[in-house]
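Q: Got a model here I'd like to walk through with you. Can we start with how the pieces are named, then go by region?

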Amino acid sequence: MAQTEPNLDHDVSWFILPSYWAKMVVALISFLCFANSYDGDFVFDDSEAIINNKDLRAETPLGDLWHHDFWGSKLSSNTSHKSYRPLTVLTFRINYLFAGGFYPVGFHVINIILHCTISVLMVDVFSILLGGLQFSNKGRRLNLAPKSSLLAALLFAVHPVHTECVAGIVGRADLLCALFFLLSFLGYCKAFRENKEGHNFSIFWVLVSVILGAIAMLCKEQGITILGLNAVFDALVINKLNVLELIQRLLHKDKSLENAGLLKKGLLFRITLLMSGGASILYIRWRIMGTGPPAFTEVDNPASFADSLFVRAINYNYYYSLNAWLLLCPWWLCFDWSMGCIPLIKSVSDWRIIALAALWFCLIGLICQALCSEDSHKRRILTLGLGFLIVPFLPASNLFFRVGFVIAERVIYLPSIGYCILFTYGFSLLSKQAKKKKILAVAVLGILLINAMRCALRSSQWRSEEQLFRSALSVCPLNAKVHYNVGKNLADKGNQSAAIKYYREAVRLNPKYVHAMNNLGNILKERNELREAEELLSLAVQIQPDFAAAWMNLGIVQNSLRRFEEAEQSYWTAIKHRKKYPDCYYNLGRLYADLNRHIDALNAWRNATVLKPEHSLAWNNMIILLDNTGNLAQAEAVGREALELIPNDHSLMFSLANVLGKSQKYKESEALFLKAIKANPNAASYHGNLAVLYHRWGNLDLAKKHYEVSLKLDPMAPGTKENYNLLRRKLEQLQKKGGA
């Protein structure tokens, strides 16, 4: 049985609860902190990871999840971010299937439940990390630090930096990873349950721990780090290894490592199992991902693109200090920290160097205490705290590979475990020295309350994109992406004037921000400010020559300026860079129609419908063009084909009804008109054309009724008033004949 040193509870001034009630309190408080996010929208990255991710849909084979990245792209694609999280995507798919569509409530509820579950597990995890691992004679684990573990679990449950993971649905990856991360750790601890003398252990539970670590990694990449932390825990807690003493023995070439504890109790064998398992998992992951690293741009992580090694090192360390500050003071939170939010440090004269010095002063001090303290209890807690703080953060540190962000609050979900350990230990030291311990306890309660309130406030900001994006303006006013997203949100709501202001600011802050240029160009195009729109879109494709959307939009502007050859060239350039581009084929078809190149127009629209069978506009244009050129039989065939694919599209019903009416198939035409009107009763043209049908058919009373409805909906409807007057004169003539 693993013996433990005196624990923190002797010094911690905190209340004590039975294990069951402690977990209930933690669960309730963690729920209350984030409960108001349950009815939030899909926001920010949720659109790409969930709404636009084909892997969630039933028609996508389940096997594809194992060959695609988190965003639904093939891992072999050059554009893939290589974020391999198939189990997380699987839970999204289950959410989608049970909800019967993209309804965010179910997604949010699962995230809240996951965080509550993780917070409850933290009570057990912290009791081991702070109090040590000890079992009763019946094999039941003892909680030797009930007060400390409760405090640490509460700190974890209410930490505002967790809001992105809980309130943002994409944060599911971090939550699932954390869940299996903790289960792996607890499973590893179970390997020593029958260990009466400290020499026996269960290989089964060690292997279970490795498997759970693999599952954690299939939820998010950080999960693999638990295997290293299990090894650290084994060495420090199970084997009571003194790292400093071991280093000294190695330096003095002392071969009596048995006495140092390295070979005792099967430590080397267990570490070999962990390392072999980890290496195998990483190899399989590497084989699936492929050898190519993910492709990121300078705006995603500017420091990693700096030419100078010094600039890279300084800025990486500055990012670490900002992450540490978010753990200490999580008040300034932002959904995105890229694109100029944190300007690069390029000189040692930059005052921000102080943050680096402070970080390393604290870290070196803690490391020295963790290694050199004569108090084994202190050494163990500080080493475990630093381990859980640093090791899970390593995949996001830029040390092993470039990451696609500057700071991401979600990646410090797991490292916050180490912060909670160190905070609790620091509180115990203060409690030991303080004369008025109750005041100290009240101060900590105040911190918990403030953090809980901050969680609730931040959760409410994550409920909608408008609130989320606007909340970032005060935190990162230099972030072009923040202004871009505020502008995009305003444009989606139809407020183009306000959107232009934010798009212009985004371009000012980042003159190479091609997506902002593209969106601004689109709005200016719709406002008929074609010259400026052309300038912006031309600059966007000059900066990024493979930007297909910008090429297409440039073609639309050139078409509006009646520069048809240039427009055609722009469309084909867009298709060259994005071969499966139905919208571009649709716009190319419109260009050909304007030039009376009818065959080319029909071929372009047919390509659009092949690539996107539900492309209603392309189908409609084909029907209308064939109708206008007198090819009624072909128009009818295309219309019927389109309605088989999109049976509830009222515009297709309307177009086909017009064709059938001209073909004198009045009954079928009438049925389609009525169905279209039922779907869209306020369309004046639907009533007007149905009236024309009745007029031709000789059903004059119904014709009169629908003419009047059409004119009521749109008094200026072209042709309707003339047709109505003709009908009235005909009805008057019929009445006169009847009277005669």
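Predicted model: local features only at pLDDT ≥ 70, side-chain atom pairs only at ≥ 80, totals over all residues.

Q: OK, where does Phe44 sit?

A: Phe44 is in the loop between helix H1 (19-34) and helix H2 (46-51). Its phi is near 50°, a positive value in a residue other than glycine.

Q: Is Phe44 buried or exposed?

A: Phe44 is buried, at a relative accessible area of 16%.

Q: And what about the phi of Asn398?

A: That one is positive too, about 70°, and Asn398 is not a glycine. Asn398 belongs to the loop between helix H15 (376-390) and helix H16 (416-433), and with 11% relative accessibility it counts as buried.

Q: Switching topic: which residues touch the most other members in the largest nonpolar core?

A: Phe126, Leu129, Phe185, Phe233 and Ile417, out of 209 residues in that core. Helix H4 (residues 104-131) gives the most to it, with 12 residues.

Q: What is Phe233 in contact with?

A: Leaving aside neighbours within four places in sequence, Phe233 contacts Ile128, Leu129, Leu133, Phe185, Cys189, Ile238 and Leu384.

Q: Now H22, which residues are buried there?

A: Leu530, Ala533, Glu534, Leu536, Leu537, Ala540 and Val541. Viewed down the axis of H22, they fall within an arc of 165°, so they line one face of the helix.

Q: What covers them?

A: The cover includes helix H21 (514-526) and helix H23 (548-560). The face of H22 turned away from the buried side carries exposed Arg531, Glu535 and Gln542.

Conventions
Residues numbered from 1 in each chain as written. Heavy atoms only, no water. Buried < 20%, exposed > 50% of the residue type's maximum accessible area, 1.4 Å probe, protein only. Helix = DSSP H or I, 4+ residues; strand = E, 2+ residues; numbered from the N terminus. Arc of directions from axis to C-beta. Contact = heavy atoms within 4.5 Å. Core = buried A, V, L, I, M, F, W, Y, C linked by side-chain atoms within 4.5 Å.
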